[in-house]
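Biologist: Could you take me through the aromatic rings here, step by step?

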Amino acid sequence: LAFRIALGTAPSPTQRQESLSFLLESERLFRGEGSIDRESTDPVDARLAAWSAFSQALLALPEFRYLN
């Protein structure tokens, strides 16, 4: 849905897989897994932070860099 809202199109299979991997890895990192300091974050906060990072990444795509 994020791709449709931001870009007006569905993601390719590769984009879909990379996006899911990004979200899962980001959420894991925001929860503090794999971190030396072991400071854990609420799972809901970690999920919101992962989606926030993903949204920022979508807006950093080349489609948003230039005006036609």
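Modeller: A residue is called buried when its relative accessible area is under 20%, exposed when it is over 50%, and partly exposed in between, with a 1.4 Å probe and protein chains only. This is a predicted model, in which local features need pLDDT of at least 70, side-chain atom pairs count only at pLDDT 80 or more, and totals for chains, interfaces and linings use all residues. Residues are numbered from 1 along each chain as its sequence is written, and side-chain values use heavy atoms, with hydrogens and water left out.

Biologist: Is Trp51 buried, exposed or partly exposed?

Modeller: The relative accessibility of Trp51 is 41%. Because buried means under 20% and exposed means over 50%, Trp51 counts as partly exposed.

Biologist: How are the rings of Phe3 and Phe54 arranged?

Modeller: Rings of Phe, Tyr and Trp (its six-membered ring) pair if their centres lie within 6.5 Å, and planes under 30 degrees apart count as stacked, over 60 as edge-to-face and the rest as tilted. The centres of Phe3 and Phe54 are 6.3 Å apart and their planes stand at 55 degrees, so the pair is tilted.

Biologist: What arrangement do Trp51 and Phe54 form?

Modeller: The centres of these two rings, Trp51 and Phe54, are 5.6 Å apart. With 90 degrees between the planes, the aromatic pair of Trp51 and Phe54 is edge-to-face.
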